[in-house]
Amino acid sequence: IVKLLCFAIFASAFNLMLGYTGLLSFGHAMFFGSAGYALGVTTKFLNWPPELGILAGIAVAALIGFVAGAVAIRRQGIYFAMITLAISQLIYFVAMQMEWTGRDDGFHGIPRGRLFGLIDLESDLALYGLVAVCFVLALLAIHRIVTSPFGLALTAIRENEPRAVSLGYDVERYKVLAMTLSAALAGLAGALKALALSYESLNDLHWALSGEVVMMCILGGLGTLGGPVAGAFFVILLQNFLADKVGEWLSVIIGVVFLSCILAFRKGLVGEIAAWMERSRKPSP
């Protein structure tokens, strides 16, 4: 359940960029994985408490998001996506060369510690409570962002960027802020996952994870609050239930499911349900 909630936060953070701002990133794993390593270093080597380790992960992810956004925002469309992928792979290869990351073996022995010096996170129930609270707060924060004037400006940029420019919006600044916020939330998810598993892997920095989060958002429904959550739950549950039963065929099965959903549900699972409910409310002519 903790893993499901962490990936739901991650997918919701990515949806803030793609679903609400229209920015496709192929490198969102760099925020997720970097936050996990930041938490591991601060809690294992510097003996920071878990709450400060989580904040450190969020800060590192937000900083990388700001820098990557400032560089990539000069291009649009597929060029923006390729720049984010390039930056992500650069961070991946740097982490692969550093001894303290454990390289292919991963970063082991991350302590859970005591939250605020009071709550022992070695208890799985206490850890679940922490992740569940962070999950709710993250969704509330995203809802507040997308319904605020700032969020409405992001939607305007997604729908018609030239018109947003003509209305006087500093489009580049809005995009960089959106990427920084998305990176910070993705960092929260990565830090929580590393804390829960007491382990951080290079796989959390790999481009394949960035592809998975794109799939989660599209399956659930872009531009919806519950869509990324549903998509993350669907993909992670599918992986957990089928991984030991079908082996290498898991990727083929997920690919077929993804293709089928794209063809049958253009707005994603939650998006189609919302559209159906909207049509059912309208009186028939």
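Which exposed residues does the face of helix 6 turned away from its buried side carry? They are Pro-149, Leu-152 and Glu-159. Here exposed means over 50% relative accessible area and buried under 20%, with a 1.4 Å probe and protein chains only. Helices are DSSP runs of H or I with at least four residues, and strands are E runs of at least two, numbered from the N terminus.

This is a predicted model, in which local features need pLDDT of at least 70, side-chain atom pairs count only at pLDDT 80 or more, and totals for chains, interfaces and linings use all residues. Residues are numbered from 1 along each chain as its sequence is written, and side-chain values use heavy atoms, without hydrogens and water.

Now for the other side. Helix 6 spans residues 149-159, and its buried residues are Phe-150, Gly-151, Ala-153, Leu-154 and Ile-157. They lie on the same side of helix 6 because they cover an arc of only 155° around the axis, judged by the directions from the helix axis to the C-beta atoms. An α-helix has 3.6 residues a turn, so residues three or four places apart point the same way.

The cover over these buried residues includes the helices below, where contact means heavy atoms within 4.5 Å.

| Covering helix | Residues |
|---|---|
| helix 1 | residues 2-21 |
| helix 5 | residues 124-147 |
| helix 7 | residues 161-166 |
| helix 8 | residues 171-197 |

Stepping back, the protein has 12 helices and four strands. Of its 285 residues, 48% count as buried. The C-alpha atoms fill a box of roughly 65 × 45 × 40 Å, taken along the principal axes.
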